[in-house]
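I opened this model to look up a few helices, strands and single residues. My notes follow in the order I took them.

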Amino acid sequence: MRWTRRLRLCTAGVVAASALFAAPATAQATQPKDGRLTDLVNPFIGTENEGNTYPGAAVPFGMVQLSPDTGHNTGYDYSQNHIRGFSLVHLSGVGCGLGGDLPVLPTTGDVTQTDYAKYEAEFSHDDEAASPGYYRVGLKTGIEAELTATARTGVQRYTFPATDKANVLLNAAQSLHTGVSSKVEVLDNRTVRTAITGRGFCQDTKPYTVYTVTRFDRPFTAYGTWDGSTVTAGSKTGAGGAYVRFDTTEDRTVEATTALSYVDARGASVNLRAEGGRSFDAVHHKARQAWEDRLDDVRAQGGSDSLRRTFYSSLYRSFLAPNIGSDADGRYTGWDQEIHRTDGFTYYQNWSLWDTYRTQSQLLSLLAPREARDMAISVVRISEESGWLPKWGYGTVETNIMTGDPVTPFLTNAYQQGLLKGYEERAYRALKRNADGVPPADSPAVGREANKEYVAEGFAPYIKGRPHVKPGDSDYDHGASATLEYALSDAMLAQMARDLGHDSDAARYAARAQSYRNIFDPSTGFFRARDASGAFTGPADPAQSEGFHEGTSWQYQWLVPQDLKGMVGLIGGEQAANDRLDSFFAYDQLLADPAKTAREVWVNGPYDYYNADKYNPQNEPDLIAPYTYLSTGQPWKTTDVVHAALTLFTDTPTGMTGNDDLGTMSAWNVLSSIGIFPVQPGYDTWGLSTPVFDRVDLTLDRRYYPRGALTITAPGTSATDRYIRSARTDGSAYDRTYLTTGDLRGLRSLAFTVGPRPSEWGTSPQAAPPALK
């Protein structure tokens, strides 16, 4: 009887109009004309309304991201129309000022201004273009600027009007972060070197230094440097910046290659020798091919042109970070600020772990496992060299931004995906130290800051107004969400400990993984912060709750992926859980109009985190929440919610949901679009939902996936026919709502049959992802 009622409810809400599947086309019709997938990528997506992406040139995971800065605190804002410079370092979708090192701008005439906010150049989007590995803009000054990149260099080409005063300004003193010091040197008539020390990201940090060397393709005719606002012609050294001048009355084009190093000036020179010396066109061609090779591992068929552009643009952004940190000679600066050398791996840096552990790290383990292995090894090295694992790392320093324990599911995911072979015990030692202790006072890291209380009492207390001992965020400011995140991490570490034979540790961590129960308030039926005495604190209304980082109790309710069955029991069973989920997603309204509900009823606004009882698809805490229905006997609702959320991704500058956070949101889009999603981050469980494409062919690394390929099909999938009727794996009927990584390694095909109404597929208790023990 209850099943019949469910069917009527869902059938009544099926709508034909949806931006997600608008104007479906055949696979052949939506292929780019020359077959290049890079032609489907729009780097301007997310550059407006605080998506904080950048449109400039980079190669996959490159150290350099050469991109224009318009005055926005993270770099580029599509709504602005002046460029202050083209700088070397950017991160996709961060929420605070970071990078922007060495903004370079071509000008003409005398050099009189040294503040880039005063000499900035106007431009129009009508004379601007970008594609993977390439950016071009025509400035209103009559100069055309083009950018491309290698892994460790940025290459510029400037086409000037005919003049004997064509300048390139290299502004060492100004960047997007807080400057500490800078130095510029003109080495000869083609070469300029800089050292730039900065600090800060949302909060203050330890200082870090980037070194650059810029080599021009022909001699300059004059040069000078500046300190503050004082420009000195012919001076070879300065603290602020330098200008170099060319005569372009006949040859109007100037090319330059800038190499970057986080080690020293020698490292920048090593990188220049290793990757420089090629023409702009040659570098551009190689950069585009690198992106084509990367995107070609995912071949999607079906869907509208707009859907495919949005999808491949998200796939592109998923491969922008983390970033290479080691020089071409293998040297890198560790978090102990000492110089180290790699031994058989590439060192990576830039760790937005609170974000990426939920989606992007799993996508990379699937599509880029070799790089993902090196990334995991790099994180282990950070612990061994600095004494502690990172939380949110930028370059060579810890920022301590965000809370909880995101590094544990990041590393246990790498372990579960088979990426830590040979490093298992080294990683485990670092994770155990992190899980059982707190960094010493002389360590820049905060780690699990509230771990002493959590281990002793079973929860991290929420202590309003507690002074911060170290720069960054404090777990005490967000005790309720920190408790949930610690418990999630303990569950994932317990699985790793058990696999490695550390049975007593495994039992201890598994018990601690149940700590989420300690912040459940039976009087409200929701999680709630507890103060240092153990009393529940803050407003009883879960939509007004305190002690949750960038969210409310409603949004954190579902962050118990290790034990959804237990959480469901706390709130009264499946029916109560489904009723609460339906309210959370405004499910009845969603059925009537998915796109409108996503934009007008759910939480909207990139920094709108609090005072809400609805799903926030623009922020990380409840990204997994739509997949909770897989564990409550109503898996079709996962597809309803996921497909509604996917309408928020568009192929326009405002087409990013909130900050991209180093590929987190982009990876959510990619994984949800192909129908597999990491529902237990840190473990090897992939939840299933209806793909938005008729067919997706994945090319996989045979070292990790022996079959070398996986094909996912859902013929006829659309806004109306979006419900899974049945599923087959390699031709055999499959009734569960999840797969494991082991399953994926043995499969060649995952085939869905879809239709206009929900079915009984995946509704049995045995079909749900199991709780972790």
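**Entry 1: Thr356**

I find Thr356 buried, with a relative accessible area of 6%. The model is a predicted one, and I keep that in mind throughout. The cut-off for buried is under 20%, so Thr356 at 6% falls in that class. I place Thr356 in helix H7, residues 353-356. Next I asked which residues Thr356 is in contact with, leaving aside neighbours within four places in sequence. I noted Ser361, Gln362, Asp661, Leu662 and Thr664.

**Entry 2: Thr232**

I then turned to another threonine. Thr232 sits in strand S14, residues 230-233. Not counting residues up to four places away in sequence, Thr232 touches Gly224 and Thr225. I also checked Ala242, which is 10 residues from Thr232 along the chain. The C-alpha atoms of Thr232 and Ala242 are separated by 9.3 Å.

I looked at strand S8, residues 153-159, for cover. How many of its 7 residues are buried? I count 7 of 7. I checked both faces of S8 separately. One side carries Thr153, Val155, Arg157 and Thr159, and the other carries Gly154, Gln156 and Tyr158; all are buried.

Then I traced the pairing. Strands pair through backbone hydrogen bonds, in a parallel or an antiparallel way. Strand S7, residues 144-149, runs antiparallel to S8, and 6 bridges join them. A hairpin of 3 residues leads from S7 to S8. I marked Thr148 as standing opposite Val155 in S8.

S8 also pairs with strand S17, residues 253-261. That pairing is antiparallel too, over 7 bridges. Here I marked Thr153 opposite Ala259 in S17.

Two numbers describe a packed pair of helices: the angle between the axes and the distance between them. I took both for each pair.

For helix H8 (residues 360-367) and H9, the axes come within 6 Å and cross at roughly 130°. That makes H8 oblique to H9. From H8 I listed Leu364, Ser365, Leu366 and Leu367 in the contact; from H9, Pro369, Ala372 and Met375. By class, the H8 contact with H9 has 6 nonpolar residues, 1 polar residue and no charged ones.

For helix H9 (residues 369-386) and helix H10 (residues 407-416), I get an angle of about 130°, with the axes 10 Å apart. H9 and H10 are therefore oblique to each other. The crossing of H9 with H10 is left-handed. Which residues meet there? H9 brings Ala376, Val379 and Val380, and H10 brings Val407, Phe410, Leu411 and Ala414. I class the H9 contact with H10 as 7 nonpolar residues, with no polar and no charged ones.

**Entry 3: a three-stranded sheet**

I noted an open sheet of 3 strands in the order S28-S29-S34, with antiparallel pairing. Which strands lie at the edges? They are strand S28 (676-678) and strand S34 (738-740), each pairing on one side only. From one strand to the next, the twist averages 35°. S28 and strand S29 (residues 685-688) are joined by 3 bridges and run antiparallel. I marked Trp686 in S29 as the bridge partner of Pro678. Helix H21 (residues 664-674) packs on the sheet and touches S28 and S29. The direction of H21 makes about 135° with that of S28.

**Entry 4: strand S30 between two pairings**

Last, I followed strand S30, residues 695-699. S30 pairs with strand S18 (residues 298-301) in the antiparallel sense, over 4 bridges. Val298 stands opposite Leu698 in S30. S30 also pairs with strand S31 (residues 709-713), antiparallel again, over 5 bridges. There I marked Arg695 opposite Thr713 in S31.

Key
Residues are numbered from 1 along each chain as its sequence is written. This is a predicted model: local features need pLDDT of at least 70, side-chain atom pairs count only at pLDDT 80 or more; totals for chains, interfaces and linings use all residues. Side-chain values use heavy atoms; hydrogens and water are left out. Buried means under 20% relative accessible area, exposed over 50%, partly exposed in between (1.4 Å probe, protein chains only). Two strands pair if DSSP finds at least two bridges between them. Axes are lines fitted to C-alpha atoms, for helices over the stretch in contact, and angles run from 0 to 180 degrees between N-to-C directions. Angles under 35 degrees count as roughly parallel, over 145 as roughly antiparallel, 65 to 115 as roughly perpendicular and the rest as oblique. A crossing is left-handed if the near helix is turned anticlockwise from the far one by less than a right angle, and right-handed if clockwise. Contact means heavy atoms within 4.5 Å. Ala, Val, Leu, Ile, Met, Phe, Trp, Tyr, Cys and Pro count as nonpolar, Asp, Glu, Lys and Arg as charged, and the others, Gly among them, as polar.
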